[in-house]
Amino acid sequence: MAVLPGSSDDAIAQAARELAAGELVAFPTETVYGLGARADQDAAVARIFAAKGRPADHPLIVHVADVGGAQAFAREWPAHAQRLAEAFWPGPLTVIVPRRDGVATGAAGGQASIGLRCPAHPVARALLARAAALGVPGLAAPSANCFGRISPTRAEHVREEFGETLTILDGGDCEMGIESAIVDCTRSKPALLRPGVLAREAIEAALGTALRAPGGDAPRASGTLEAHYAPRAKLRLMDAKMLRTAVEILPKSRVNPVAVYFRTIAPPRGVRAVRAMPDNPAAAAHGLFADLRELDATGASLIWVEAPPDAPEWEGVRDRLQRAAAA
Ligand code: TXA
Ligand code: MG
């Protein structure tokens, strides 16, 4: 079996050896599972792009053990990055900083900048430490899904994406459930490139300044592509009233090819599958990708989703659903 228990020292040691040898290993983080390769070898990183079917000019996030590890990849370490690291590392936040020349060029997709994150998950941390002892300075790791598809929050999701041959460290369900917030610290005013579970207000409080909107010059990045995180079924976002009406006018004579992800309306009947989104934004983020995968696996051709509230704490969930609907 390629799925190894993340709680086992032997499994971590084996995974670290494979990474040091330039192979791919999937591992859990507190956000989603990552598909890792040693960040300092472009040939190893190229395997990530090949496995995911991801364009080679889309930069990857490099995972490090601490600020010192991050600085090995950075040409300079901006004050904004330092503030964010102090407030949120280890944790679900990625900083974009100027990249040190000649370092992790492949992982950065050729950009002059690099995305760095220090994960909190104990399995990820143990793996980083073991790999570091074998000379690996950091792990490039995008979400462990094929390009454009739903990110994995369980080891079995990773196996569904890549099959039995990949070594996967199983760390159970990812706690946060959506990818890290990404803050561009390469310019004097920081920008939120991708919302996560950390509220924008908390990030601004740590920075001591407002986040600017990402400009048109933001580097190309699949996590920020309009159409991403897509199930096979066509996903549509509707407000409660529209969703209730849409369900009411479905033909009652047969089971319809519709799956419904509802929040406040009564659980619909006569559809292929239903699932309830939790009221609480952290719980909703935690279950979002697993629920979408399950609804998709019912063979429904449409997934109707009741739109989350337009409140700041729902920004990350709203963002992922909007991108899924745009696909
Ligand atoms: O939570 C996460 O961040 C997960 C886990 C595995 O850590 N990783 C993740 O990686 O979401 P990935 O590759 O799916 O998302 C990487 C995104 C890119 O699509 C892009 O939006 C941004 O990070 N990114 C990375 N490097 C960048 C750079 N130099 N400039 C701008 N954006 C960058
Ligand atoms: Mg991704």
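The legends below describe views of a predicted model. Residues are numbered from 1 along each chain as its sequence is written, with chains lettered from A and ligands numbered from 1 in the order in which they are written.

**View 1. The whole protein.** The protein has ten helices and 14 strands (DSSP runs numbered from the N terminus: helices are H or I with at least four residues, strands are E with at least two). Its radius of gyration, taken over C-alpha atoms, is 20 Å, close to the 20 Å of the globule rule for 327 residues, so the protein is as compact as a globular protein of that length (the rule is 2.2 Å times the number of residues to the power 0.38). The C-alpha trace spans about 65 × 50 × 30 Å along its principal axes. Of the 327 residues, 55% are buried (under 20% relative accessible area, 1.4 Å probe, protein chains only).

**View 2. The open sheet.** Ten strands form an open sheet of mixed pairing, ordered E1-E8-E2-E3-E7-E4-E6-E5-E9-E10 (two strands pair if DSSP finds at least two bridges between them). Strand E1 (3-5) and strand E10 (191-194) are at the edges with a single partner strand each, so one side of each has no neighbour in the sheet.

**View 3. Strands E5 and E6.** Five bridges join strand E5 (residues 93-98) to strand E6 (residues 113-117) in the antiparallel sense. Thr94 has Arg117 in E6 as its bridge partner.

**View 4. Helix H1 on the sheet.** Helix H1 (residues 9-20) packs on the sheet and touches E1, strand E2 (25-27), strand E3 (34-38), strand E7 (139-140) and strand E8 (167-170) (contact means heavy atoms within 4.5 Å). The directions of H1 and E8 make about 145° (axes are lines fitted to C-alpha atoms, for helices over the stretch in contact, and angles run from 0 to 180 degrees between N-to-C directions).

**View 5. Surroundings of Asn145.** Asn145 is in the loop between E7 and helix H6 (155-162), and is buried with a relative accessible area of 1%. Its side chain makes a polar contact with the side chain of Ser143 (2.6 Å) (a pair of N or O atoms within 3.5 Å; within protein, one must be able to donate a hydrogen and the other to accept it, and residues adjacent in sequence count only if both atoms are side-chain atoms). A polar atom of the Asn145 side chain also lies 3.2 Å from the backbone oxygen of Arg149. Leaving aside neighbours within four places in sequence, the contacts of Asn145 include Lys52, Glu161, Phe162 and Arg293.

Technical notes: This is a predicted model: local features need pLDDT of at least 70, side-chain atom pairs count only at pLDDT 80 or more; totals for chains, interfaces and linings use all residues. Side-chain values use heavy atoms; hydrogens and water are left out. Buried means under 20% relative accessible area, exposed over 50%, partly exposed in between (1.4 Å probe, protein chains only).
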